[in-house]
Amino acid sequence: MGGGCHTDCVERPLSGALRGLGGLVGAHPWPFLLLPLVLSAALGVGFMEIERRKSNNIEEQFTPRGGPAKAERRLVQELFPTRDSERFSPPRLTTEGAFASFVAVAAEPSNTLLTREAFAELLKLDAAVRGLNDSGRTYEQVCARRDGSCSSPNPLLSAVGDDPARIEALLPVLTFPLWQGGRVFLGAVLGGVTVDAGAAEDRSRPVRAVKAVRLYYYLQEDDPAQREASLEWLKAFLQRIPDLLAALRLTTVRVSKKYPVQLDCVRTKVWVAAFGVLASGLAVLSSFGLLLFCGVPFVITAANAPFLILGVGVDDMFILVSCWQKTKVKDAVKDRMADTYADAAVSVTITTLTDVLAFYIGIASAFPSIQSFCIYTGTAFIFCYIYNLTFLGAVLALNGRREESNRHWLTFMKVPTESDDSRGPAYNMCCVGGSYDETTGAEFEHPMNEFFRKHFGPFVVHRWTKVFVVLLYIGYLSSSIYGCTRVKEGINLRNLANDNSYIIKYYDWTDEYFKEYGPRVMVIVTENTPYWNSAVRADLENCMQLIENSTYVDKHLSESWLRIYVMIASRMSQNIDDHRSFVNNLSVLFQANPESQWDVNVTDPEISASRFFVQTVGVTSPVDDRNLLEQLRGLAADCKVPLIVYHPAFIYFDQFLVIAQNTIQNVVIAAGAMLLISLLLIPNPLCSLWVTFAIASVIVGVAGFMAFWDVNLDSISMINLVVCIGFSVDFSAHISYAFVSSEKPSMNEKAVDALYHLGYPVVQGAVSTIVGILVLSIAPTYIFRTFFKILFLVILFGAVHGLIFIPVFLTFFGICQKLPNQYNKNSSVEKGTPLNTFEEDPGHL
């Protein structure tokens with residue numbers, strides 16, 4: 001090519017190849033119409049597998065794969081195996097456990113649940129749960145057991161037995177959060193507690209009122225058979241419990257389981273529009289069917305993809321139709337299709353490549369939910385691209401044949417091209433068509449293009465408008481950067497449920513009444529340690545005190561078998577400073593405190609591992625979750641004794657440590673890939689740099705405004721930030737390329753010319769995508785609403801950049817030499833040249 005800052009080594013041959021494809025589709029449309037239908041029908045059979053491929057495992061999908069807590073859990077399970085059927089202990093669970101949970105609250109805020117009436121209802125509820133046997137098994141058969149009986153759902157329920165009046169007798173000796181001399185911790189099962197005043201370190205204060213009571217019905221899950229039986233009972237429980245609650249008339253109890261049309265009757269593109277939507281549907285059917293058949297897990301996040309594919313597919317349809325309308329009406333359909341593909345297909349290829357690459361990069365995420373969404377959506381984009389160039393192209397060719405013979409769009413009968421005033425306006429509107437602009441030989445231009453050329457473009461490049469735009473961008477960027485500093489990290493599990501789900505009320509009441517006490521964390525000595533060495537014990541005690549003195553730990557609620565052992569030995573004047581006496585006298589500890597034997601792993605004659613417990617407090621937000629995890633792990637790592645800290649909730653807390661890193665990594669890699677594609681397929685380096693600028697600016701804006709719209713940075717929003725990259729290209733690439741390829745002499749005229757040719761297509765693309773996802777804004781699920789919010793911001797900011805910011809900034813910095821004449825949008829169509837690649841004028845559908 002001639003001089004100038006452009007690189008077309010890929011774009012020119014690609015345009016020529018697509019021109020050939022367009023001519024082939026125009027000459028033989030029927031195979032290209034029928035083959036996608038047959039392929040979609042065949043691949044759609046994969047939907048029969050959707051029930052098997054659904055993944056409802058929250059931990060698996062919404063926590064980082066390979067997180068540290070998962071490795072810690074495997075170690076804890078190896079060192080301290082559980083036996084749910086014999087010695088169940090909730091604090092010693094290495095997983096969340098399989099359970100059903102109730103929260104009962106006082107009907108009136110001023111009431112207390114420590115009354116015989118309230119406990120009479122709780123006992124009725126308890127009896128109803130224990131009586132459920134719809135799965136063929138009763139609760140007694142699947143419950144987690146301790147000392148030969150089912151684990152108590154609540155210590156107070158066990159204390160009253162069958163007589164609710166006993167609660168009033170227990171009230172004078174009921175203390176909180178420790179009860180029965182410190183042996184029972186009530187912080188996890190009583191909420192909204194009012195206690196008598198006392199010393200700051202007193203953790204056994206008399207209770208005066210309780211506003212909420214929580215019941216846990218734990219089930220066995222040690223082996224696969226037990227786990228399957230428990231799951232079947234839970235399924236039956238969830239089906240029966242609404243009717244059961246209604247029959248019991250328990251009004252204070254809720255249940256949760258963790259578990260474009262113009263009037264020309266010939267030139268109108270109604271059929272193209274309809275089949276364009278169908279092409280998007282076929283793409284979803286084929287891609288989802290293929291992946292389901294291949295065994296790819298289907299997560300709820302992937303259900304967003306069809307709305308996205310619809311918006312993008314319709315956008316591509318606009319581009320194809322606009323370039324068709326630029327061709328000569330009197331040319332053969334084969335030639336018009338060849339010119340259309342040469343002009344439009346490169347543009348569609350660029351946007352498809354950037355979108356597909358953005359999603360396939362997202363597959364490298366540490367979150368399986370993101371991987372599932374990205375692989376389903378990226379594959380759907382590929383099918384959408386193929387079907388738009390084959391199926392939709394064939395429809396466009398067949399529609400061109402109808403136009404060529406001047407037939408009505410609905411009746412397919414030939415109609416006159418000239419109006420007949422004697423037949424009336426209705427006849428002329430509905431039964432006359434086929435006119436075109438005889439000066440250009442193409443279809444009439446849409447009035448919106450003239451609006452951008454005569455009004456909007458000149459207004460944007462006016463001197464004072466430019467000043468305002470610069471100030472507006474500074475305000476936009478400042479607000480976005482401030483918002484980025486306010487973004488919250490982490491997913492709230494309540495957001496994974498439907499708004500109408502009973503679990504929402506469960507989480508609300510849990511946050512309201514049970515937020516004072518957080519997870520009860522295990523502190524685990526992972527290696528063989530000489531506990532009989534007083535220096536080692538001192539080091540271990542020092543480590544425990546450092547952990548207990550951290551921000552989120554209540555040092556008065558810790559549990560240490562070693563402290564109890566040392567105290568017992570001191571009282572009995574026993575020497576435990578040598579190996580043999582220390583190990584041999586452990587039986588004394590186990591008799592005095594039976595639970596301690598579950599915390600000491602004795603492999604004769606050594607103690608291969610042991611664990612202690614600390615009680616966390618004030619963990620009420622994702623920020624607290626992250627700080628707690630970092631503090632405790634840091635303190636454990638600094639200890640002289642080999643320690644780790646673990647709680648099942650840490651599996652979820654791990655996301656806070658990697659979500660920002662994963663997001664930045666994916667965004668940077670994807671943005672770099674976008675720049676590479678732009679350099680290869682857009683024959684001008686300056687244009688590619690502006691595309692990259694727009695991507696970065698839109699990402700910063702979306703990330704910042706997420707905070708203002710109450711959207712956290714989590715695995716769900718991270719999906720959409722990856723989407724943001726692909727969609728940012730769609731608007732910016734066309735406008736910046738049109739600017740640098742314009743033959744106009746001045747910068748302002750170049751900007752107006754770019755807006756004249758591309759302003760309306762950008763508006764159409766933005767509106768079509770937003771309409772495609774608009775239904776998600778009223779969805780009863782947080783995942784879908786978040787998808788709408790972020791994609792709305794992406795489209796809004798992308799369109800504003802394409803229509804306002806980039807045209808104005810290019811007038812300041814557009815210093816690159818114009819492209820040669822063969823890329824000039826004002827020149828005539830030449831074979832093999834993509835002159836209208838970015839000159840979409842969608843016109844009328």
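Modeller: Happy to! A salt bridge here means that a side-chain nitrogen of Lys or Arg lies within 4 Å of a carboxyl oxygen of Asp or Glu. Please bear in mind that this is a predicted model, in which local features need pLDDT of at least 70 and side-chain atom pairs count only at pLDDT 80 or more, while totals for chains, interfaces and linings use all residues. Residues are numbered from 1 along each chain as its sequence is written, and side-chain values use heavy atoms, leaving out hydrogens and water.

Searching the whole structure gives 21 salt bridges. Let us begin with aspartate 554 and arginine 203, whose closest N and O atoms are 2.7 Å apart. Both partners are buried, a word that stands for under 20% relative accessible area, with exposed meaning over 50% and partly exposed in between (1.4 Å probe, protein chains only). Aspartate 554 has a relative accessibility of 8%, and arginine 203 has a relative accessible area of 17%.

Next comes a pair inside one helix. Helices (H or I, at least four residues) and strands (E, at least two) are DSSP runs, numbered from the N terminus. Aspartate 126 and arginine 130 sit four residues apart in α6 (residues 116-130), about one turn of the helix, and their side chains form a salt bridge of 2.9 Å, N to O. An α-helix has 3.6 residues a turn, so residues three or four places apart point the same way. Here aspartate 126 is buried at 10% relative accessibility, whereas arginine 130 is partly exposed at 24%.

Helix α10 (residues 224-248) holds another pair, glutamate 232 and lysine 235, which are about one helical turn from each other because they are three residues apart. In their salt bridge the closest N and O atoms are 3.9 Å apart. Glutamate 232 is partly exposed at 35% relative accessibility, and lysine 235 is partly exposed at 41%. Some bridges also share partners: Arg92, Arg146, Arg520, Glu559, Glu595, Asp599 and Arg611 are joined in this way into one network.

After α20 comes serine 573, with a positive phi near 55 degrees.

Another spot to look at is aspartate 163, in the loop between α8 (155-160) and α9 (166-170). Aspartate 163 is partly exposed, with a relative accessible area of 34%. A polar atom of its side chain lies 3.1 Å from the backbone nitrogen of alanine 165.

To step back, the protein chain has 29 helices and 13 strands, and 56% of its 845 residues count as buried.

Notes: Polar contact = N/O pair within 3.5 Å; in protein donor to acceptor, adjacent residues only side chain to side chain.
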